[in-house]
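The following text goes through a two-chain structure part by part. Please keep the sequence and the model open while reading.

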Amino acid sequence: MDLQTLSLIAVGLTFVVYIAIAIWSRAGSTEEFYVAGGGIHPVANGMATAADWMSAASFISMAGIIAFLGYTGGAYLMGWTGGYVLMALLLAPYLRKFGKFTVPEFIGDRFYSTTARAVAVICLLMISLTYVIGQMRGVGIAFSNILNLPIELGLVVGMVIVAVYAVLGGMKGITYTQIAQYVIMIFAYSVPAIFISLHLTDTALPQFGLGGTLADRPDTHLLSALDQTLQDLGFGAYTDRPGMGMYNMFLLTLSLMIGTAGLPHVIVRFFTVPKISDARKSAGYALIFIALLYTVAPAIAAMAIYNFSNTIQTGPVGDPEANLPYDQKPAWMDRWENTGLLIFEDKNGDGRIQYYNDKNPDMVAKADEWGWKGNELVKFDNDIMVLANPEIAALPNWVAALVAAGGIAAALSTAAGLLLAISSSVSHDLLKGIFMPKISPKAELTAARISMLVAIAIAGYLGLNPPGFAAQVVALAFGLAASSLFPVLMMGIFSKRINKEGAISGMLVGLISTMVYIFLYKGWFFIPGTETLPDDPSGWLLGINPSGFGVIGALLNFLTAYVVSGMTKPTPVEIQKLVENVRVPRAQV
Amino acid sequence: MSAQKKDVGEYWSRNIGIIVPCLVIWALVSLGAGILFAPMLNGIHLGGYPLGFWFAQQGAIYVFILLIFYYAWRMNGLDREFDVNEE
C-alpha cells in the first residue's frame with residue numbers, strides 16, 4: 001500500500017480511538033470537567049502530563065533544532081525538563097492541597113483579590129492562546145506534508161475531533177485520550193530512532209548509540225566522527241559548537257525551566273491526582289515519560305545530521321568527485337523538495353551539491369579555490385529531521401504512517417490541554433469567580449462546554465489565518481509564563497509577607513517587561529517592520545537574547561512584589577492561615 | 001494550639017531543608033555541568049560522550065528524575081514523622 005493510504009488509515013484509526021474514549025469518559029460534574037474528579041492515578045497522570053506537555057514542537061521540530069545547534073541545543077532539553085523539578089518541589093503538592101480547580105483561583109484566594117485573579121486570567125489567556133496557535137499549525141503541517149491533504153481540511157478535522165472529546169469529557173476525557181496519544185507518540189518516535197541507531201552504531205538504544213562507535217568504523221565514536229565531518233565543512237564541532245554563546249544558553253535554559261513550571265495547562269494536571277503525595281510522585285512519572293522522548297531526540301539530531309552531511313559529502317572535502325550529484329540524490333530528498341521544506345540551488349552549476357559553512361572566512365577561501373559559489377543547501381526545515389526519518393532509514397511505509405499519526409497526536413493532546421485551561425479560566429474564574437458568583441454548578445458546566453467550543457473556534461481560526469508570528473510565539477509563551485505566573489505562585493506558597501498589592505504589581509511588571517522586551521526586537525505585536533532595535537547581539541540590552549528574557553522578567557516580578565509588599569499593609573491573618581494550611585498535607589490549623 | 005503551631009513551623013523548615021539541597025544539585029548538573037563547566041568537563045569522556053555534552057543532552061535529565069523521586073520519598077517520610085500524612 002502507498003504511504004498516503006497507510007497514513008490515512010493510521011490517522012483514521014487513532015481518531016476512532018479518541019472518539020471511543022470520549023463516549024466512554026463523559027464528564028457529569030464541574031469537578032470531573034475541570035480536574036477529572038481528582039481521581040487519576042499518579043502514573044496515568046504522569047503519562048497524560050507527558051502527552052499534554054510534549055507539543056508539536058517537541059515531537060516534530062526539536063530534533064531538527066538540536067541537529068543544527070549541536071551542543072547548545074541542550075538548552076531546550078534541559079530547559080523543558082528541568083522545569084518539572086521546580087514544579088514538583090515548589091508548586092504541585094501545595095496547589096494540590098489547596099484543592100481548587102484553576103491556577104487563577106489560587107492566585108485570587110491567596111492574594112484575597114478578584115483583581116489579582118483577573119490579572120492571572122489575562123496572563124493565562126495570553127500564554128495559552130499564543131501556545132495553541134502553534135499546535136493548530138502543527139496539525140496542519142502533519143496533514144499537508146504527510147497526508148497530502150489541504151491544511152484547511154486537516155485543521156477542521158482536528159478541531160472536530162478535539163471538540164468531541166474535550167467538550168464531552170472535559171479534563172476526564174482529555175486525560176484518557178492523552179494517555180492513548182502518549183503511547184502513539186512514543187512508539188512513533190522511538191521505532192525509527194532505534195532502526196537508525198542500529199544501522200549507524202549497531203546499538204539498539206539511541207541513548208547509547210549516540211555515545212557509541214560507528215558500525216562501519218568500530219574504532220571511531222559517532223560524535224567524534226560527526227565533529228570531524230562538520231569541522232571539515234567549516235562548521236564548529238558538534239559537541240562544543242558555541243552556537244548561542246554560554247551566557248545566552250544559561251539564560252535561555254533557566255527561562256525555559258521557569259516558564260515550564262509556570263505553564264497553567266501543565267500545573268492544572270496535578271490537580272487531578274487523589275493525594276498530595278501523588279502530586280509529588282506524579283511529576284516524577286511525567287518526567288520519566290517525557291525523558292523517553294527527550295533523551296532520544298538528541299540521538300536523532302546527531303544521527304540525522306551525520307547521515308545528511310555524509311550523504312552529500314561522500315568523500316574528502318575539496319575532491320570534485322566527492323560531492324553528491326544532484327540527480328543521484330536519495331528519493332526522500334526529492335519528496336521533501338516538493339513540499340518546499342528542502343531547497344537546493346546549484347549555485348556554481350556543476351550539477352553537484354556543496355553543503356558547507358559559507359559564513360566562515362577560512363572555509364570561503366578554500367571554497368573559492370574549489371570553484372564553490374556558496375552553500376547550496378538553501379533551506380532545510382527543522383521539521384524534516386523527524387518526519388523524513390523513516391524514509392532516511394529505509395523503513396517500511398507503515399512506520400512513516402505511524403509518525404504522521406504521532407505528530408497529530410502530539411499537537412492534539414497539547415491543544416486539548418491548552419483549550420481546557422482557557423475554557424475553565426473563562427467559565428470558572430471570569431464567569432463564576434467574578435461576574436456571576438451565584439451561577440449553579442449545572443449552568444457552570446454548560447458554560448464551560450460553551451467556552452470550550454468558542455476557544456476551539458478561535459484556535460481554529462488562528463490556525464487557518466496564522467498571524468505571521470507562529471515561529472516567535474513559543475518564546476513569548478515561555479517568557480510570559482516565567483515572568484508572570486511562576487513567581488507569584490511560588491511566593492504565594494513560600495512567603496506569607498507577599499500581599500495583594502505586591503502580587504498584582506509583580507505580575508504586571510513581569511508580564512509587561514517581558515512583552516516589551518520581546519516586541520522591541522521581534523516587532524510590536526509581531527508586526528513586521530516595527531522592530532525598534534536590531535535582533536542580534538549588537539542590539540540586545542546587556543546582550544540578552546529576547547528568548548532568554550523570561551528569567552529577567554521573573555526576577556523583576558520577585559523584586560517588585562517584595563518591595564511593594566514591604567510598603568503596604570501586611571497580609572490578613574486568615575490568609576496567613578491559608579498559607580500554613582496549604583503547606584501541610586493534613587492540616588492541623 | 002501553640003504546640004501544633006510549632007510543629008507546623010518545624011515541618012516547614014525541615015521541608016525547606018530538603019528542597020534547598022535538591023535545587024542546588026538541580027542547578028549544578030544543568031546550569032553547572034551542562035553549561036558553565038561544560039568546556040572543562042568535555043576533556044573527560046563517558047564512552048563517546050564528552051562529559052559536558054553528556055550532561056547537557058542526557059545526564060541532567062536523568063538526575064532531574066532522581067531528584068523528584070528522592071524529594072517525594074523524603075517528604076513522605078517527613079509527613080509520617082509529623083503525623084500529617086493523608087489517610
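Six residues of domain 1 of chain A are in contact with nine residues of domain 2 of chain A, where contact means that the C-beta atoms of two residues, placed from the backbone, lie within 7 Å. On the domain 1 side of this contact, three residues are nonpolar, two polar and one charged; Ala, Val, Leu, Ile, Met, Phe, Trp, Tyr, Cys and Pro are counted as nonpolar, Asp, Glu, Lys and Arg as charged, and the others, Gly among them, as polar. Domain 1 of chain A consists of 3–247 + 261–303 + 392–465, and domain 2 of 314–380; such bounds come from an automatic or database domain assignment. Taken over C-alpha atoms, the centres of the two domains lie 36 Å apart.

This is a predicted model, in which local features need pLDDT of at least 70 and side-chain atom pairs count only at pLDDT 80 or more, while totals for chains, interfaces and linings use all residues. Residues are numbered from 1 along each chain as its sequence is written, and chains are lettered from A and ligands numbered from 1 in the order in which they are written.

Chain A contains 24 helices and two strands, these being DSSP runs numbered from the N terminus (helices H or I, at least four residues; strands E, at least two). The radius of gyration of chain A is 25 Å, close to the 25 Å from the globule rule for 589 residues, so chain A is as compact as a globular protein of that length. The radius is taken over C-alpha atoms, and the rule is 2.2 Å times the number of residues to the power 0.38. Along the principal axes, the C-alpha atoms of chain A fill a box of roughly 80 × 55 × 45 Å.

Two helix pairs show how parts of chain A pack. Helix H5 (residues 74–98) and helix H13 (residues 276–294) of chain A meet at an angle of about 165°, with their axes 8 Å apart. Axes are lines fitted to C-alpha atoms, for helices over the stretch in contact, and angles run from 0 to 180 degrees between N-to-C directions. The angle makes H5(A) roughly antiparallel to H13(A); the classes are roughly parallel under 35 degrees, roughly antiparallel over 145, roughly perpendicular from 65 to 115, and oblique for the rest. Residues in this contact include A:Leu77, A:Tyr84 and A:Arg96 of H5(A) and A:Ile276, A:Ala283 and A:Tyr294 of H13(A). By class, the contact has 14 nonpolar, two polar and three charged residues.

In the second pair, helix H4 (residues 56–69) and helix H19 (residues 397–435) of chain A pack at about 135°, their axes 7 Å apart. H4(A) and H19(A) are therefore oblique to each other. From H4(A), A:Ala56, A:Ser58, A:Phe59 and A:Ile60 meet A:Gly406, A:Gly407, A:Ala410, A:Ala411 and A:Thr414 of H19(A). This contact has five nonpolar, four polar and no charged residues.

Chain B has three helices and two strands, in the order α-α-β-β-α from the N terminus on. The radius of gyration of chain B is 18 Å, well over the 12 Å that the globule rule gives for 87 residues, so chain B is more spread out than a compact globule. Its C-alpha trace spans about 60 × 25 × 15 Å along the principal axes.

How many residues of chain B are in contact with chain A? There are 39, facing 45 residues of chain A. Helix H1 (2–36), strand S2 (49–50) and helix H3 (51–81) of chain B each supply at least two residues to the chain B side, and H3(B) gives the most, with 16 residues. That side has 26 nonpolar, ten polar and three charged residues.
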